[in-house]
Structure formats: C-alpha cells, structure tokens
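The sequence and the structure are shown first.

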Amino acid sequence: MVAEVVKAVLGAVASARKGLAAQQPKLRQGRPSTPAAKQAARTKRRLAAQCAALFAARSLFVQRHRNKTERKTLWRVSRGFPQLQALRAIMEQV
C-alpha cells in the first residue's frame with residue numbers, strides 16, 4: 001500500500017514537471033532580437049531550470065529522512081507550487 005502511495009506521489013511530481021514544460025514559450029530560430037523575444041527566451045530559460053531542478057529533486061518528495069541541505073533543496077524546488085507542498089505533507093503522514 002505504501003508503494004502505491006509513493007508511486008502516485010512520484011507520478012504527480014512528474015505531471016507537475018510536464019506542466020511546467022508545457023508552459024515554456026515556443027521560440028523562433030536564431031538569436032532573439034526584439035524585446036518580446038528576449039523576454040520569451042528568459043522565461044523559457046527560467047522554466048527549463050525549474051523543470052531540471054524538479055527532476056533532480058524528485059526523490060526528496062518521498063524520502064523519509066532528509067538532512068538540512070535536502071530540506072532546503074526541497075523547499076526551494078517546491079516554492080510557488082502549493083500542490084507539491086501538499087504532496088509532501090501527504091508523504092509525512094504515510
């Protein structure tokens with residue numbers, strides 16, 4: 001039963017990551033020259049970094065004991081995502 005809960009939590013983290021990837025704007029080829037293109041490139045870079053950080057820290061959502069740096073990483077990754085913080089609260093009870 002615990003394994004099913006862990007699998008469901010990891011699936012929800014993956015779907016949140018895929019949602020972030022879907023939010024990334026489509027860029028045209030070449031170097032962005034207009035202010036709007038530059039802003040879109042910054043947004044895409046920021047969202048890609050969030051996706052990568054969420055992927056790297058996905059195991060922290062289901063890990064039982066975390067040290068101080070892992071707790072800080074988990075806080076930084078889940079900041080701005082109340083659904084991810086709720087998932088961690090569920091795992092605390094399991």
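## Salt bridges

R66 forms a salt bridge with E92, and the closest N and O atoms of the pair are 3.5 Å apart. The term salt bridge is used here for a side-chain nitrogen of Lys or Arg within 4 Å of a carboxyl oxygen of Asp or Glu. Because R66 lies in the loop between α2 and α3 while E92 lies in helix α4, the pair ties together parts that are 26 residues apart in sequence. This is a predicted model, in which local features need pLDDT of at least 70, side-chain atom pairs count only at pLDDT 80 or more, and totals for chains, interfaces and linings use all residues. Residues are numbered from 1 along each chain as its sequence is written, and side-chain values use heavy atoms, with hydrogens and water left out.

By the rule above, the count comes to two salt bridges. R88 also forms a salt bridge with E92, with the closest N and O atoms 2.6 Å apart. R88 and E92 are four residues apart in helix α4, so they are separated by about one helical turn. Helices are DSSP runs of H or I with at least four residues, strands are runs of E with at least two, and both are numbered from the N terminus.

## Accessibility of the bridged residues

E92, at 47%, counts as partly exposed. Buried means under 20% relative accessible area, exposed means over 50%, and partly exposed lies in between (1.4 Å probe, protein chains only).

## Nonpolar core

The largest nonpolar core has 16 residues, of which V9, V13, L20, L54, F61, L84 and L87 touch the most other members. The elements that give two or more residues to this core are α1 (2-23), α2 (35-56), α3 and α4 (82-93). Helix α1 supplies the largest share, four residues. A nonpolar core is a set of buried Ala, Val, Leu, Ile, Met, Phe, Trp, Tyr and Cys residues joined through side-chain atoms within 4.5 Å.

F55 lies in helix α2 and, at 40% relative accessibility, counts as partly exposed. The C-alpha atoms of F55 and V13 are separated by 8.5 Å, although these residues are 42 apart along the chain.

## Surface patches

K68, R71, K72, R76 and R79 form a positive surface patch. Of these, R71 is placed in helix α3 (residues 68-78) and, with 43% relative accessibility, counts as partly exposed. Lys and Arg count as positive and Asp and Glu as negative, with His and the chain ends not counted; the place of a charge is NZ of Lys, CZ of Arg, CG of Asp or CD of Glu.

A nonpolar surface patch consists of V2, I90 and V94, which together have about 250 Å² of accessible area; V2 lies in helix α1. Patches are made of residues with over 30% relative accessible area and no salt bridge, joining like charges within 9 Å and nonpolar side chains (Val, Leu, Ile, Met, Phe, Trp, Tyr) within 5 Å. Accessible areas come from the Shrake-Rupley method with a 1.4 Å probe, and for residues only the protein chains shown count as cover.
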